[in-house]
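Here are my notes on this structure. Please read them with the model open beside you.

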Amino acid sequence: MTELRIEKDTLDEMMYQVTVRAACIIPRDVRRAIEEAERLEETEVAKGPLRSWLDDFKAGERGNSICPDTGYQIYWVKLGESIKIEGGMSSLYDAARQAVARATEKGYLRPHLLHPITRKNPGTNLGYYTPTLHIQFDPAIGYIEIISVCKGGGGEGPGSYQRNLYEGDGKSGVIKFVLDSFLHSSYSGKSCPPGIVGVGIGGTAETSTRLALEAAALRPVGHRHPDPDIADLEEDLLVQLNTLGIGPMGLGGKTSVLDVHIEYALSHFALLSVAYNTFCAVVRRATVRLEPSGRIEYSDVANWDYR
Amino acid sequence: MDIKKLKIPLTEGDVRSLNIGDLVTLTGLIFTGTDVFHKRAIEENILPPIDYTKQNVLVHAPMSIRRGKNGEWEPMQWQKLSILVTAGSRFEPYMPHLIRQLGLRAVISKSSMGEDTKKAMAEFGCVHLTENSKLDRPGTGDAVKRVVDAYGFDEFGPFEATWVLEVEDYGPLIVDIDAHGNNLFDEIEQAAKERMKKIYAHFGIPEDFRYSAGLPDSKDGTYYSR
């Protein structure tokens, strides 16, 4: 494959733009799902949060972050072996850091990430392990794609759990964990329902946790897992959770989740790791891709499938 | 549904007339408090010098406000000042005492408060309000008319400072804990728990399902208790 050279300035600008877009532009699949929910709900109280989100989405197009809580910045970078970045691959980390610092200074990101013990706030959203980058090399592709996600505190704090079950807990144990996690996290609208529920099954605690996050953050509403058993379980959980009556912001109603996405890895025969992750109703993901032709394209579809 | 327009300071009569599910808007002076406000108030007995008889509405909200070039307050994050409430349940240990000490008539946060706060609210005459719609959001709101005072800005930054803000028609907010011992979210949760029994059955999860030995806090068959 022909070598694709990327100048540092180009990379910096792509990373900055995709960070701002994640904070300000609602993905089309999520907007459609919120619009659909607004039509489906029957009471003014249930429609209320949905309508104010739809207004916020318009404000986002005018350069406001669509939720004041811009959360944690997480990047997934996928690139081919033919990509050559000025300054080497570590330029990706520099690019992410300057993007977050710039977007924070410009007011697109709330400067709220601080030292967990001293609570000292650097004011830049930068620090140890922050922002987070996941990098994947794919020899079959000739482009570089950067996915940017703002993971808000509502879905993350009260809406994310992990447990290592034992194999004997079985399918019942996994499903009960998901159902109980939903009920617990959505009480009084803590996790900002209706959002996308991501479930990771199998692997180590780290694997299941990451798969749950990626299922919630990266897969569009309405997309199903290729394994038909898993796809059926996703559909089934989606329908059942929406009968609970939790509704938008937990105020009661028909829409409690926008979708359920499950990912799995192989499990140790004695164990059964399961993780649950909520993306709040205001799902924030944006993608930029630099094609071998030099064309730069922004979108809201994350292309992170590496099963 | 009718929206009740209330003026701050709220009277005991104002809040006793409210029931869960009612929608209200507020006009007058509110003050904000987050982690630092609560810890200092209860653990160090330090309170911002506010006349709490006139300002009896506490909002759990980190404010995105900074000092402009000429020393004036300006929005940090959007093109205008907006209130985003934060989860109030983490202030539950402080709330019952603060309600009585300051004479609060309304507390506003995201989500809800716990049993002790509910009891204190019924005793003293106070309500908990949460977001419904058209709140003071980046897209829609224009409820904040001006910043009246800021306490602790230089020491603790904008999110932990206590802001006194003049608001007009702030809301609609929904009453989720009234002054009669009712909690809207508990009623919704009770109904959901009843429905959940059918969902367990749908997935073939036995009623007496228990997780394997060796796992903590699974005595009631779930991992969760509040």
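1. Which domains does the domain assignment give for chain A? There is domain 1 (4-25 + 66-152 + 285-299) and domain 2 (154-279). These bounds come from an automatic or database domain assignment. A word on the source: this is a predicted model, where local features need pLDDT of at least 70, side-chain atom pairs count only at pLDDT 80 or more, and totals for chains, interfaces and linings use all residues. Residues are numbered from 1 along each chain as its sequence is written, while chains are lettered from A and ligands numbered from 1 in the order in which they are written.

2. Look at how the two domains of chain A meet. Their centres, taken over C-alpha atoms, are separated by 26 Å. Eight residues of domain 1 of chain A are in contact with five residues of domain 2 of chain A (contact: C-beta atoms, placed from the backbone, within 7 Å). On the domain 1 side, strand β5 (residues 144-151) of chain A gives the largest share, three residues. Strands (E, at least two residues) and helices (H or I, at least four) are DSSP runs, numbered from the N terminus. That domain 1 side has three nonpolar, two polar and three charged residues. Here Ala, Val, Leu, Ile, Met, Phe, Trp, Tyr, Cys and Pro count as nonpolar, Asp, Glu, Lys and Arg as charged, and the others, Gly among them, as polar.

3. Next, a sheet in chain A. It is open, with four strands in the order β6-β9-β7-β8 and mixed pairing. Two strands pair if DSSP finds at least two bridges between them. The edge strands, β6 (160-166) and β8 (257-264) of chain A, each pair on one side only. Strand β7 (residues 195-201) of chain A runs parallel to β8(A), with seven bridges. In one of these strands, β8(A), Y264(A) is the bridge partner of I201(A).

4. Helix α6 (residues 170-186) of chain A lies across β6, β7 and β9 (271-279) of chain A. Its angle to β9(A) is about 30°. Axes are lines fitted to C-alpha atoms, for helices over the stretch in contact, and angles run from 0 to 180 degrees between N-to-C directions.

5. Turn to chain B. Its secondary structure comes to six helices and nine strands. The contact between the chains takes 42 residues from chain B and 44 residues from chain A. Helix α6 (residues 184-202) of chain B gives the most to the chain B side, nine residues. By class, that side has 21 nonpolar, 15 polar and six charged residues.
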